[in-house]
Amino acid sequence: MNLLDSKKTQQLDYRWHAIAQVRRSAIPKDIFPWLITRFSITAKLRHAGKLRVEVIEDRWQSPTPRERIRLRLKARETARVRSVILYLDNEPVVYARSIIPARSLKGSWRYLPYLGNQPLGGYVYQSKALRRSPTEVVKLPAGLIQNSHEALWARRSVFIEFGPGILVNEAFYPAIGKATKAAGQL
């Protein structure tokens, strides 16, 4: 099952922005800390309740043109594309889409295609050599993710340790606001 409405994603011109370029007042106050945190969202959600990962898609494919540009991939390069929903106490709180180029599957990252229903974030953050690009944010239009009828705030960044890195996109459902206080300092 693919949660993205492909017609809308093809028509939409994503305009990702550095968080400093977005008016803070435009972002719901319970969502803002999740957009700017440098900590693992997975770890923070585990403090807030029972975390469950539902894998929607996890297969080799061609990244979208925008994903390819962001990771500086060659035209025919494939990547492992992993889409999941993170549930907190059985309520969806995060939709995540990760692009893992074949050239990045080295060292400890070579095991990433075998995560199953384990969260990527909990695995990637274990590395001491991990670097992360600056976070970019966007407000996704209502209906882009099929099980959400409202606009969602999202963030993306590239985690770098091997090869071109891993592009991680995370869209936050409004229900994550309930977990903000319980998650501790974000």
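Is Tyr125 buried, partly exposed or exposed? At 26% relative accessibility, Tyr125 counts as partly exposed. The cut-offs are under 20% relative accessible area for buried, over 50% for exposed, and partly exposed in between (1.4 Å probe, protein chains only).

This is a predicted model: local features need pLDDT of at least 70, side-chain atom pairs count only at pLDDT 80 or more, and totals for chains, interfaces and linings use all residues. Residues are numbered from 1 along each chain as its sequence is written, and side-chain values use heavy atoms, with hydrogens and water left out.

**Overall fold**

- The protein has five helices and eight strands. Helices (H or I, at least four residues) and strands (E, at least two) are DSSP runs, numbered from the N terminus.
- Along the sequence the order is α-β-α-α-β-α-β-β-α-β-β-β-β.
- The radius of gyration is 16 Å, close to the 16 Å that the globule rule gives for 186 residues, so the protein is as compact as a globular protein of that length. That radius is taken over C-alpha atoms, and the globule rule is 2.2 Å times the number of residues to the power 0.38.
- The C-alpha trace spans about 40 × 35 × 35 Å along its principal axes.
- Of the 186 residues, 50% are buried.
- Among contacts between residues at least 6 apart in sequence, 67% join residues at least 24 apart. Contact means heavy atoms within 4.5 Å.
- The protein exposes about 9900 Å², and carbon and sulfur atoms supply 51% of it. Accessible areas come from the Shrake-Rupley method with a 1.4 Å probe; for residues, only the protein chains shown count as cover.

**Aromatic pairs**

- The structure holds two aromatic pairs. Rings of Phe, Tyr and Trp (its six-membered ring) pair if their centres lie within 6.5 Å; planes under 30 degrees apart count as stacked, over 60 as edge-to-face and the rest as tilted.
- Trp109 and Phe162 have ring centres 5.6 Å apart and planes at 75 degrees, so this pair is edge-to-face.
- That pair links distant parts of the chain, 53 residues apart. Trp109 is in the loop between strand S4 (91–101) and helix H5 (120–124), and Phe162 is in the loop between strand S7 (152–160) and strand S8 (166–172).
- Trp109 is buried, at 1% relative accessibility.
- Tyr125 and Phe159 also form an edge-to-face pair, 5.5 Å centre to centre with 70 degrees between the planes.
- Here too the pair links distant parts of the chain, 34 residues apart. Tyr125 sits in the loop between H5 and strand S5 (131–132), and Phe159 sits in strand S7.
- Phe159 counts as buried at 6% relative accessibility, whereas Tyr125 at 26% is partly exposed.

**Charges over rings**

- Lys44 lies over the face of Phe39, 5.0 Å from the ring centre. The test is NZ of Lys or CZ of Arg within 6 Å of the ring centre and within 35 degrees of the ring normal.
- Arg52 lies over the face of Tyr87, 4.1 Å from the ring centre.

- Glu57 lies in strand S2 (residues 51–61). Its relative accessible area is 12%, so Glu57 is buried.
- The side chains of Glu57 and Gln61 make a polar contact at 2.9 Å. A polar contact is a pair of N or O atoms within 3.5 Å; within protein, one must be able to donate a hydrogen and the other to accept it, and residues adjacent in sequence count only if both atoms are side-chain atoms.
- Leaving aside neighbours within four places in sequence, Glu57 is in contact with Val81, Arg82, Ser83 and Arg97.
- Arg82 is in strand S3 (residues 79–88) and is buried at 3% relative accessibility.
- A polar atom of the Arg82 side chain lies 2.9 Å from the backbone oxygen of Gly116. The backbone oxygen of Gln118 lies 2.5 Å from a polar atom of that side chain.
- Beyond four places in sequence, the contacts of Arg82 include Val53, Val55, Glu57, Asp58, Leu115 and Pro119.

- Leu152 is in strand S7 and is buried at 3% relative accessibility.
- Not counting residues up to four places away in sequence, Leu152 touches residues including Val138, Leu140, Ile145 and Phe172.
- Ile85 is found in strand S3 and is buried, with a relative accessible area of 2%.
- The C-alpha atoms of Ile85 and Pro119, 34 residues apart along the chain, are separated by 9.7 Å.
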